[in-house]
Amino acid sequence: MRNFNSPKFGHSMGDDSDDDEFDSGTEPEFLMEPYVLEEFPIMEEIEGDEVEEDEGSDYNPNEEIVIGTSSSDEDDSDDSDSDKDDEAGNAGGAEGEDSSTKNSVPKRVIDDYDEEMEEDEVIKAIITEIKKPRSKPPDIKTEDFVTDLCFHPDQDILAVGTTTGDVIVYKFTNDECTIMNTHEAHTKSVRDVEFNPDGDVLISTARDRSIMVTDVETGKLKRFWDDAHDEPVYTMSMITEHTFATGDDDGVLKLWDLRQKEPIFKLKEVEDFISCIITNEQKKYLLMTSGDGYLTTINIPQRKMYVQSEPYEEELTCMGVFRKDSKLVVGSSKGNFYTFNWGQFGYHCDAFIGPKAGVNKMVPITERIAVTGGEDGILRAMHLVPGRVLGVVGQHSLAVETIDINSTGELIASSSHDNDIRFWNIKYFEEFDDIKYNSKPDKKAMTHNLPSSKQTNAADFFSGLAGDQSGSEGD
């Protein structure tokens, strides 16, 4: 097929005329980079003295990026909270101490911010949600590198695959995460772990080319495929209660049934690794992206290829289905996003530039919004239909390896190359889906971080980004 030449991003090629669609005829004015102030406190004296701001806290773009903390690491601003608690404890043991002693009480800038001053409904919702208390499980620090993770469909259980070939099953609460079981399943690094829809079996694949099916309750091995592929399995996806698909490093797709010993379908239409496999509720089409830049669609009932897209000049890495299965959005190694009308998978209908860093994973969390993780370690909320960056959901110090969302839609878990598994409370997005989005957000619309990131927001959070736009189009 002919080489694909990307159209100018921001110019829509589709005919979606919803009144809240992004004005794709105009390029986005600002791109988003994760510059965060190290600290932006306001200290308020108890006795009613005037509020004093630290005049030396101006943002310096050359400073090191501060990575957001999670429940196991208190927010940077909590350092002064600890001092405050210590002072309170000492005061309890010395009741005769002069009550006129002044104590500093830390205060976030955002706590006194009036969201009604904002014109953008998105920013109003973000500020409102930031002020609410939120809970989530503590971080998990693993000894080995985490390669994949998956939430149980019904219970507060998280399965984690590691480079040693082990699959570790955690039980989590807002107070602690405990190991339920450790399955020494594979001889080489785990590539993918998935629960079946009922949650009674756990399927894992690895670089040793094997597929393991384990009983969740007993931990016993139920089925084992040795040499399931000629090359290591790269990704896997559940289709129905008994069927799942696997794709390997050489571009081979196989369809499996837990009740049969041999694969029920095999196809090779690409020459590079298969990066992502998904389907929708109808289970008619199985879609896969690959490292050689193709989106390939399989007709499941007919067990043959339906259509293959034009080649893209970048790796296609992840996918998500939106708008009641009417839109497919594909992310790439260059941070670009391509939107396809469902059933028309040969060529995209719209495209827009996301973050500069490559996108590794995408998890839809509403009919229009997804959380993406990339090479820069930032988890971003993206309003994908139409395209708009909403803000930072969470941060890792290294590239994001995998993301998953739990069955209630309240939590996402992410892992990075730093061996951390972090949880992020994203329940606030329930309030976002019905918001009417401005067709062209201005610079001020990107000055507030999302509640789950636990970062203190400041007016210049994304300052100086306008000049970055021209350079990003050349990615």
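Hi everyone, and thanks for coming. Please keep in mind throughout that we are looking at a predicted model.

Let's start with the whole chain. It contains three helices and 31 strands. There are 475 residues, and 54% of them count as buried. If you take the contacts with a separation of 6 or more, residues 24 or more positions apart account for 51% of them.

Now for one of the sheets. Four strands make an open sheet in the order β13-β14-β15-β16, and the pairing is antiparallel. At the edges sit β13, residues 233–238, and β16, each of which pairs on one side only. From one strand to the next, the twist averages 15°. A quick reminder: strands of a sheet pair through backbone hydrogen bonds, either parallel or antiparallel. If you zoom in on β13, you will find five bridges joining it to strand β14, residues 243–248. To get your bearings there, look for M238, which stands opposite F244 in β14.

Let's follow the chain out of β16. Which loop holds F273? F273 is in the loop between β16 (265–268) and β17 (274–278). Is F273 buried or exposed? With a relative accessible area of 14%, F273 is buried, because the limit for that label is under 20%. Leaving aside residues up to four places away in sequence, F273 touches Y234, D248, D249, G251, T289, S290, G291 and E315. The C-alpha atoms of F273 and T235 are 9.0 Å apart, while the two residues are separated by 38 positions along the chain.

On to the nonpolar core. The largest one has 16 residues. The residues with the most contacts inside this core are L287, L295, M319, L328, F340 and F345. Which elements give two or more residues to the core? They are β17, β18 (285–290), β21 (316–322), β22 (327–332) and β23. The element that gives the most is β21, with three residues.

Not counting residues up to four places away in sequence, F340 touches L295, Y312, S326, K327, L328, V330, F345, Y347, H348 and C349.

What about the aromatic rings? The count comes to 13 aromatic pairs. One of them is F337 with F352: the ring centres are 5.3 Å apart and the planes are at 10°, so this pair is stacked. F337 belongs to strand β23, residues 336–341, and F352 to strand β24, residues 350–353, so the pair ties together parts that are 15 residues apart in sequence. Both partners are on the buried side of the cut-off: F337 has a relative accessible area of 0%, and F352 comes in at 9%. There is a cluster to look at as well, in which ring pairs link Y285, Y306, W342 and F345. You will remember F345 from the core, where it was among the residues with the most contacts.

Next, cysteines. A disulfide is a covalent bond between the sulfur atoms of two cysteines. How many disulfides does the structure hold? It holds zero. Take C276 as an example: the closest cysteine sulfur is in C318, 6.7 Å away, which is too far for a bond because a disulfide needs the sulfur atoms within 2.5 Å. C276 counts as buried, at 13% relative accessibility.

Last stop, the backbone. Most residues other than glycine have a negative phi. Where does R323 lie? R323 is in the loop between β21 and β22, and D325 is in the loop between β21 and β22 too. As for accessibility, R323 is buried at 16%, whereas D325 counts as partly exposed at 22%. The two labels fall on either side of the line because buried means under 20%.

To recap, we went from a four-stranded open sheet to a core of 16 residues, then to the stacked pair of F337 and F352, and ended with R323 and D325 in the loop between β21 and β22.

How values were computed:
Residues are numbered from 1 along each chain as its sequence is written. This is a predicted model: local features need pLDDT of at least 70, side-chain atom pairs count only at pLDDT 80 or more; totals for chains, interfaces and linings use all residues. Side-chain values use heavy atoms; hydrogens and water are left out. Buried means under 20% relative accessible area, exposed over 50%, partly exposed in between (1.4 Å probe, protein chains only). Contact means heavy atoms within 4.5 Å. Rings of Phe, Tyr and Trp (its six-membered ring) pair if their centres lie within 6.5 Å; planes under 30 degrees apart count as stacked, over 60 as edge-to-face and the rest as tilted. Two strands pair if DSSP finds at least two bridges between them. Axes are lines fitted to C-alpha atoms, for helices over the stretch in contact, and angles run from 0 to 180 degrees between N-to-C directions. A nonpolar core is a set of buried Ala, Val, Leu, Ile, Met, Phe, Trp, Tyr and Cys residues joined through side-chain atoms within 4.5 Å.
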